[in-house]
Amino acid sequence: MNKVLQKILIIEDDPGILNYLKTTVDAAGYETVTATNGRSAIHMITSHCPDCILLDLGLPDMDGIDIITSVRKWTLTPIIVISARNSEENKALALDSGADDYITKPFGSVELLARIRTALRHSLTAAENKEIGIDGCYRVGELEIDYKKLRVCVCGEDVHLTPNEFRIIALLGKHPGRVLTYKYMLRELWGPSAPMDNKILRVHMASIRRKIEKDPTNPQYIFTEVGVGYRIAENTQETDN
Amino acid sequence: MSITDRVRAFFQKNQIGKNVLVLLLTLGATTGLAVLLSSFDDDNNPFATAVFIMAVVIVARWTDGYIWGIVAAFIGTFCVNYFFTYPFWAFSISYTGYPLTFTVMLIVSVLISTLTTRIKQQERLRFDIEREKMYSNLLRAIAHDLRTPLTAIIGASSTIQEQELSAADKIRLAEGIRKDAEWLVRVTENLLSVTRVSDHALIKKKDEVLEEIICSAITKYHRFPDSLPVESDTLKDIIFLPMDAMLIEQVMINLFDNVSAHAEGATKIWIHLRKENGMVFISVEDDGCGIPPSLLPQILDGTYMSKRSRSDDRRDMGIGLSVCKSIIEAHEGHLSAGKSRHGGAAFEFSLPCEEDMYIE
């Protein structure tokens with residue numbers, strides 16, 4: 001057994017949840033290290049250099065957001081935030097501070113492991129989508145975003161998006177599987193003078209949904225994270241679940 | 001947010017500001033009225049006392065606590081003496097009958113103001129008692145509902161720990177634990193919603209796209225075991241509705257869950273949408289057994305829940321529908337139950353929508 005295992009740091013103060021997380025992650029073939037408060041977490045991150053961090057936002061001694069910002073000063077290690085329901089602002093804030101993903105309590109082991117695999121894969125391919133680099137296209141299911149011809153096809157047919165709509169879906173396509181917050185998308189699409197109100201973004205999004213989804217309330221490609229932002233389906237998602 | 005909403009929010013934050021404003025506006029308006037009346041009848045203005053006592057009543061009614069009404073009583077008495085009785089523009093109690101008149105006016109004003117305040121306080125007290133009663137009923141129902149799954153969880157986990165079991169048995173017990181725990185999660189989420197609704201400051205209404213909320217509710221519902229397929233209308237327009245997204249999502253999940261739990265024979269859930277007179281109507285319908293007409297009036301107000309037999313049937317949602325009702329009412333909407341065009345039950349709720357947004 002000299003195979004090097006990927007190391008996951010779990011930062012969680014509740015012993016019950018920590019026990020569950022550690023057992024699940026261990027059993028899935030990762031090496032785990034744990035921390036139960038913010039100070040030891042920072043120490044563990046600098047000394048162990050984990051491949052992925054699971055972070056509970058509600059720690060006794062430190063705000064989880066502060067941990068994210070201080071870690072992001074020197075490393076791009078993927079961070080998955082564990083958050084309670086009813087805290088959309090916190091989720092958005094965590095993502096905007098540099099977290100890669102979030103998972104809402106209560107969650108099952110399948111969902112947790114899928115998020116960890118996704119996060120680890122992203123850290124290998126960096127932020128940009130590898131596929132786009134190869135042939136200038138992102139494909140998922142029947143959806144194809146063509147970055148060279150600047151068009152989007154579903155089942156091989158051009159869906160005729162407006163320029164703004166194309167820019168939105170193109171941005172999502174560059175980060176498959178990741179939640180992009182309203183704030184991030186507005187800044188990327190409209191620059192530093194972006195409107196504060198995300199209404200315009202959501203109107204465009206509703207229009208995109210009507211064009212590319214067969215059933216807009218049961219979407220296959222673009223998912224809404226209520227109060228946080230949007231996520232585009234990832235190619236490997238079917239094999240994950 | 002409309003202007004009236006903003007004014008209400010400002011007043012909630014600035015109690016003193018509100019009370020001062022009420023006091024000044026009322027006394028100002030009364031003085032104006034008295035001046036107007038005195039131009040018709042330039043005698044000793046006999047109406048002034050009555051008009052100012054009325055002002056005191058108004059101030060006492062619309063302000064908080066005793067002090068503002070009493071302040072109004074003193075200012076009113078002073079104004080009547082100073083402006084509207086002879087000698088004008090002077091304070092005087094030296095004429096015959098004046099000390100008695102003004103003392104009586106002051107006492108009457110103070111009495112009225114304290115009485116009004118006391119009536120207000122009693123009303124509030126009665127309201128508080130009623131709410132307290134509702135809460136304790138709710139708590140009793142919940143505690144009763146929680147006991148059954150907790151017993152099952154403790155039993156199953158201790159069996160796994162203490163007895164030699166086959167792997168298949170362990171998995172079966174773990175499955176039971178999971179189902180019970182998932183049910184408990186749903187109950188606690190409803191409880192969280194109740195606390196948010198009962199404290200109006202915690203409801204954060206933002207403009208949300210209706211279809212995004214419906215879609216998110218469907219996704220969450222489909223994570224439950226034995227969920228049914230859901231088919232939703234899509235409106236041509238993109239509708240923004242001011243709402244607390246989490247709460248409205250909770251309403252829809254509860255209504256879906258209600259179908260899985262109670263509508264025997266249901267195979268599918270439909271969501272029908274329509275827009276009428278500035279309201280959006282969202283109807284959750286199924287093709288199950290429907291609701292007996294005799295139950296229709298009581299199914300939404302929670303009395304059905306408290307009257308039901310003390311069965312330990314945990315599939316009984318208990319608080320689900322009454323939570324839906326209070327959430328919808330906190331959004332100035334309306335929840336109703338009826339018959340579906342698909343043969344089963346229909347629960348329809350409405351939400352006010354402020355403006356129309358069309359695809360450009």
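Predicted model: local features only at pLDDT ≥ 70, side-chain atom pairs only at ≥ 80, totals over all residues.
Chain B falls into two domains, with domain 1 covering residues 3–128 and domain 2 covering residues 203–352. Taken over C-alpha atoms, the centres of these two domains of chain B are separated by 50 Å.

Helix α6 of chain B runs over residues 167–198, and a simple check can be made on its length. At 1.5 Å a residue, its 32 residues should span 46 Å; the end C-alpha atoms lie 47 Å apart, so the two values agree. Buried residues of α6(B) are B:L173, B:W183, B:E189, B:N190, B:S193, B:R196 and B:V197. Their packing partners in chain B are α5 (98–162), α8 (245–262) and α10 (320–330).

Turning to the partner chain, 21 residues of chain B are in contact with 15 residues of chain A. On the chain B side, two or more residues come from each of α6, β1 (206–209), α7 (210–221) and α8. Helix α7(B) supplies the largest share, 7 residues. By type, this side of chain B comprises 13 nonpolar, 3 polar and 5 charged residues.

The largest nonpolar core holds 96 residues, and the members touching the most others are A:L54, A:L55, A:I80, A:V81, B:V251, B:M252 and B:F256. Helix α8(B) gives the most to this core, with 10 residues. Beyond its neighbours within four places in sequence, B:F256 is in contact with B:Y221, B:V230, B:I269 and B:V284. Another core, of 19 residues, lies apart from the largest one and includes B:A34, B:I53, B:A55 and B:A72.

Note on methods
Residues numbered from 1 in each chain as written. Chains lettered and ligands numbered in written order. Domains from an automatic or database assignment. Helix = DSSP H or I, 4+ residues; strand = E, 2+ residues; numbered from the N terminus. Expected span 1.5 Å × (residues − 1). Buried ≥ 20, exposed ≤ 12 C-beta atoms within 10 Å, placed from the backbone. Contact = placed C-beta atoms within 7 Å. Nonpolar A, V, L, I, M, F, W, Y, C, P; charged D, E, K, R; others polar. Core = buried A, V, L, I, M, F, W, Y, C linked by C-beta atoms within 7 Å.
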